[in-house]
Amino acid sequence: KIAEDTTNTEEIKTKVAAEEEQVLKKVQETRAIASEASDRLAEALPALEAALQSLEVLSKNDINEVRALQRPPQGVKLTIEAVCILKQVEPLKVNIPSKPGKKEDDYWEPGRGLLGDAGRFLQSLRDFDKENIPEIVIQRLQKHIDSPDFDPIKIEKTSKACKSLCMWSRAMYTFYMINKEVAPRKEALANAEAELAIVKEVLATKKRELKKLEEGLRTLQVKYEDAIRKKNEYETKVDECNQRIVRAERLTTGLGDEKVRWQENVSMLDHSLENVIGDVLVSSGFVAYLGPFTTEYRDNMVKEWITKLKAFQVPHSENPELVRVLGDAVKIRSWQLAGLPKDNLSVQNGVIVQYSNRWSLFIDPQGQANKWIKNM
């Protein structure tokens, strides 16, 4: 499961990286388009700003002065015509004196009406929707733009106000032409931004999916590590149990060996129990009467007592020797470590001292008994 999720996560990471690269590319393309469009539009801004600034210095009197002209100069007429065309004011149809039956467009009277409210007129120029000028308007304006008389410098000689209006008209024309050129770029920019938004949304979805997978993978990793930890703990416990089993088997084997010895001891104890009367009788006599005598005399007396036991049919061991019947091997070993000589006579004397009800008298010319008693 972890390997599968890791593979899926890596695949999605690769896809996310590719999507991010695509987003970055789209961002760069969009910025390039926006920058190009912005730079191109910036070319129209100086003329537009100059025209708007020139409008700001105009007063109502300047506009009224133009409106009051009865026989306007050619430059003034061209300017008013251009303003009327841009504001889509329809001209009057008037007869051409030199061409009977023919009529021409006359913008002067409609233009004078447009100038009737100077304040509103100037504000309408400031608020003019330059982004949406119809192409037919520009086509009608083209002959004015191409006319050498439609020049702000020339027109300034006849009217200060018309100079500003001429600058404004030319600025609108310039803005339209540049805006028209930039329009495909704007459309491309809009499309690029739309595509960028889609790609960003796809990228965001992929990132959310990746985050979810990574969180799931982390959870699985934690569970996996916990499982490994438990596995190691169980393996340790299994090893401990195996070691205990080995020790138990060794103990069982050892106890099996001890069983033989215990059975032998039981057999010996049973035999000793059967012969305890005669053995204890001989040992008691040994303690009571044989202490002062030599080894040879002691052995002879024990043999004589055994003969009597047989005669009276008293159960006894084959050799009811004092040390074997009453002696304790561990205690005897401790006596010897304390200085008791290891010969059989000395050991017998030690057992006699142990079981005697009276204070024993030691005949100790070599000081061995004295040393033993002091070390005890």
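## Helices, strands and the model

Helices (H or I, at least four residues) and strands (E, at least two) are DSSP runs, numbered from the N terminus. By that rule, the protein you see above has 15 helices and two strands.

This is a predicted model, in which local features need pLDDT of at least 70 and side-chain atom pairs count only at pLDDT 80 or more, while totals for chains, interfaces and linings use all residues. Residues are numbered from 1 along each chain as its sequence is written, and side-chain values use heavy atoms, leaving out hydrogens and water.

## Inside and outside

Let's look at the protein as a whole. A residue is called buried under 20% relative accessible area, exposed over 50%, and partly exposed in between (1.4 Å probe, protein chains only). Of the 376 residues, 30% count as buried.

Next come contacts, meaning heavy atoms within 4.5 Å. Among contacts with a separation of 6 or more, 73% are between residues 24 or more positions apart.

## A buried serine

Is serine 169 buried or exposed? This residue of helix H9 (residues 160–274) counts as buried because its relative accessibility is 0%. Leaving aside residues up to four places away in sequence, serine 169 touches Ala82, Val83, Leu86, Leu141 and Phe150.

## An exposed isoleucine

Now for a contrast: isoleucine 277, in helix H10, counts as exposed because its relative accessibility is 55%.

Helix H13 covers residues 329–338, and its buried residues are Ile332, Trp335, Gln336 and Ala338. Why are they on the same side of H13? They cover an arc of only 160° around the axis, so they share a side; the arc is that of the directions from the helix axis to the C-beta atoms. Ala329, Val330 and Leu337 are exposed residues on the face turned away from the buried side.

What do the buried residues of H13 pack against? Their partners are helix H12 (322–326), helix H14 (344–355) and helix H15 (368–375).

## The ends of H13

At the start of H13, a side-chain oxygen of aspartate 328 comes within 3.2 Å of the backbone nitrogen of valine 330. Just after H13, glycine 339 has a positive phi of about 125°.

Notes
A polar contact is a pair of N or O atoms within 3.5 Å; within protein, one must be able to donate a hydrogen and the other to accept it, and residues adjacent in sequence count only if both atoms are side-chain atoms.
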